[in-house]
Amino acid sequence: MKKIFLLLSFIFSLGMGFAQSKPDALVLYRQGNYADAIKICEQEITANPRNIDSYCVLCWSLVRNRQYAEGEMRAEEARKIAPGDVRLMEILAEAKYYQNKNGEALEMFRTYIANAPSNAARIGNAYYYMGEIFIRQGKYQHADISMTTAVYTEPLVDIWWTRCGYAREMAGSYATALDAYNKAIELKASNADAIRGKERVTARLR
């Protein structure tokens, strides 16, 4: 009986070892190993074509790996299965943004914000990207509103404060632009764009 117990324990430990050694696509994505995360997700989707979690990690990895067109295509593919999944809405919007499909990206970011919980992980990012789109379009007051919402949501991102300052500067709101540039410099003293922006608006305010 003791030998059987030891044998079963050995087999169980082997099984646990195999389970633990199986690569996790989400872990690889978070580690920045996007290429391997993509491969694993593709395998998981081949095994289960309706695995939305795998689709999400796949699309995140494709976009971070700068495979924007493929990321857009796979996100659209996944949304046919789960059209209400807010994760797919957001990453699809990003994929479109990076391809300069500004109108489509803006609409999808708005759809994401309308459907996601107010505390969703990517809400701040969505407002930031919307602000960048408005800057591209020269709609600086709209950009100010979006960027202000982004930094309100996540106040510790110096680049967002810098872009918020730029949007305000371009809109002619030099005093509030200075506030934003100062906040960016407070967060990162070596932020060259914020330093230059501060110098420009300070000269305007004299």
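1. The crossing of α4 and α5 is left-handed, a term used when the near helix is turned anticlockwise from the far one by less than a right angle. The model is a predicted one, in which local features need pLDDT of at least 70, side-chain atom pairs count only at pLDDT 80 or more, and totals for chains, interfaces and linings use all residues. Residues are numbered from 1 along each chain as its sequence is written, and side-chain values use heavy atoms, with hydrogens and water left out.

2. Helix α4 (residues 52-64) packs against helix α5 (residues 68-79) at an angle of about 160 degrees, and their axes are 8 Å apart. That makes α4 roughly antiparallel to α5, the term for angles over 145 degrees, where axes are lines fitted to C-alpha atoms over the stretch in contact and angles run from 0 to 180 degrees between N-to-C directions. Helices here are DSSP runs (H or I, at least four residues), numbered from the N terminus.

3. Thr-162 lies in helix α10, which covers residues 158-170. Thr-162 is buried, with a relative accessible area of 7%, where buried means under 20% (1.4 Å probe, protein chains only).

4. Leaving aside neighbours within four places in sequence, Thr-162 is in contact (heavy atoms within 4.5 Å) with residues including Tyr-181, Ala-184 and Asn-191.

5. The buried residues of α10 pack against α8 (123-137), α9 (140-153), α11 (174-187) and α12 (192-205), and α10 is followed by Gly-172, whose phi is positive, near 85 degrees.

Terms used. Helices (H or I, at least four residues) and strands (E, at least two) are DSSP runs, numbered from the N terminus. Buried means under 20% relative accessible area, exposed over 50%, partly exposed in between (1.4 Å probe, protein chains only). Angles under 35 degrees count as roughly parallel, over 145 as roughly antiparallel, 65 to 115 as roughly perpendicular and the rest as oblique.
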